[in-house]
Amino acid sequence: MEEQFILRVPPSIAERLDRLLSENENASSSEDKSLDLSFSEDGRSGTFVIGNDRFPASLLELPCVVESYKTYDDSVLIKTADVGQMIMVREADDAAPDVVEYRHGLTPPMRDARKRRFRREPDLNPELVQRVVKDMLKINAGATAENQEEDGDGSVRNASKKPVPAPVTKADAPETGTNVGEPDRSDSDESDDSI
């Protein structure tokens, strides 16, 4: 599948472009009927023409390839293209971008995508990592990280000499904070239809 591009235009130009491309509206003026896009020798800068108005345009790379889809029945999606470039049309007084890649992508979640995706890994002390891994294995075995010793055979045992006291229950105390008289319900019994 071939890589395609997306056209990004300011709102004022978008209105004129919508009028030109609209099938239902035949009231557009004859001067808006011409549409042209041409690029200079470098292939990155060019001119977008609607009628007699000329707007500067730039071809920019997107930070990642975006797949575009269409549907005929609002159920099944069909992939139509891989979009890797964007043509950015600007007003005549706007400054031209000085980079080849548009770093923010097409949607707000893609803001600084490359910077976030390929960020530097934190510098970790290997000894600290090994100690934490050992502590996690000991905790997983049932001991606590700070009160443990290894036996001669490699098994972990609790190093504290005092036994852990069992929780005290009072059978005669009345229940507080519960719904007396109502059956116990789990969280799954309550449904949230607000979504």
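1. Basis. The model is predicted: local features need pLDDT of at least 70, side-chain atom pairs count only at pLDDT 80 or more, and totals for chains, interfaces and linings use all residues. Residues are numbered from 1 along each chain as its sequence is written, and side-chain values use heavy atoms, with hydrogens and water left out.

2. Main core. Nine residues form the largest nonpolar core, among them Ile13, Phe48, Ala57 and Val89. Such a core is a set of buried Ala, Val, Leu, Ile, Met, Phe, Trp, Tyr and Cys residues joined through side-chain atoms within 4.5 Å. Buried means under 20% relative accessible area, exposed over 50%, and partly exposed in between (1.4 Å probe, protein chains only).

3. Contributors. At least two residues of this core come from each of α1 (11–21), β3 (45–50), β4 (53–71) and β5 (77–89). β4 gives the most, with three. Helices (H or I, at least four residues) and strands (E, at least two) are DSSP runs, numbered from the N terminus.

4. Second core. A separate core has six residues, including Leu60 and Tyr102.

5. Helix α1. Its buried residues are Ile13, Arg16, Leu17 and Leu20. They sit on the same side of α1 because they cover an arc of only 100 degrees around the axis. The arc is that of the directions from the helix axis to the C-beta atoms. Pro11, Glu15 and Asp18 are exposed on the face turned away from the buried side.

6. Asp112. This residue lies in the loop between β5 and α2 (113–117). Asp112 is buried, at 18% relative accessible area. Its side chain makes a polar contact of 3.4 Å with that of Arg103. A polar contact is a pair of N or O atoms within 3.5 Å; within protein, one must be able to donate a hydrogen and the other to accept it, and residues adjacent in sequence count only if both atoms are side-chain atoms.
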